[in-house]
Amino acid sequence: MEKAGYVILAIVAAAWFVALLMGLIAAFPFGIFGLLVIVGFGLLFAKALRDRLESVKTDRYSKEVEK
């Protein structure tokens, strides 16, 4: 999931850069780039959330540490 998020963001960044260099940005609707960015960040957020929910060690440490 993490790799897929990074791949999507890298592809969007590369496509955006190429489109700007070639002056073709008017040919691509901005919505497609924005949607892909949202999907990429969504995948990274889902991975971070899943990792946090599965983190038993962190929960145990936070409960046992002296405050």
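With which residue does lysine 47 form a salt bridge, and how far apart are the closest N and O atoms?

Tutor: Lysine 47 forms a salt bridge with aspartate 51, and their closest N and O atoms are 2.3 Å apart; a salt bridge here is a side-chain nitrogen of Lys or Arg within 4 Å of a carboxyl oxygen of Asp or Glu. By this rule the count comes to one salt bridge. Side chains of opposite charge can pair when their charged atoms come close.

Before going further, please keep in mind that this is a predicted model, in which local features need pLDDT of at least 70 and side-chain atom pairs count only at pLDDT 80 or more, while totals for chains, interfaces and linings use all residues. Residues are numbered from 1 along each chain as its sequence is written, and side-chain values use heavy atoms, with hydrogens and water left out.

Lysine 47 has its place in helix α2, which covers residues 30–53; helices are DSSP runs of H or I with at least four residues, strands are runs of E with at least two, and both are numbered from the N terminus. Because lysine 47 and aspartate 51 are four residues apart in helix α2, about one helical turn separates them.

The two partners can also be described by their accessibility, where buried means under 20% relative accessible area, exposed over 50%, and partly exposed in between, computed with a 1.4 Å probe and protein chains only. Lysine 47 counts as buried because its relative accessibility is 18%, whereas aspartate 51, at 33%, counts as partly exposed. Across the protein chain, 15% of the 67 residues count as buried.

If we leave aside the neighbours within four places in sequence, lysine 47 is in contact with Met1 and Glu2, contact meaning heavy atoms within 4.5 Å. For the protein chain, if we take the contacts with a separation of 6 or more, 68% of them are between residues 24 or more positions apart.

The average pLDDT of the protein chain is 76, and 75% of the residues score at least 70, pLDDT being the predictor's confidence in each residue, from 0 to 100. Among the elements, helix α3 (residues 56–64) has the lowest mean pLDDT, 70, and α1 has the highest, 81. In helix α1, which spans residues 2–22, we find phenylalanine 17, and this residue counts as exposed because its relative accessibility is 52%.
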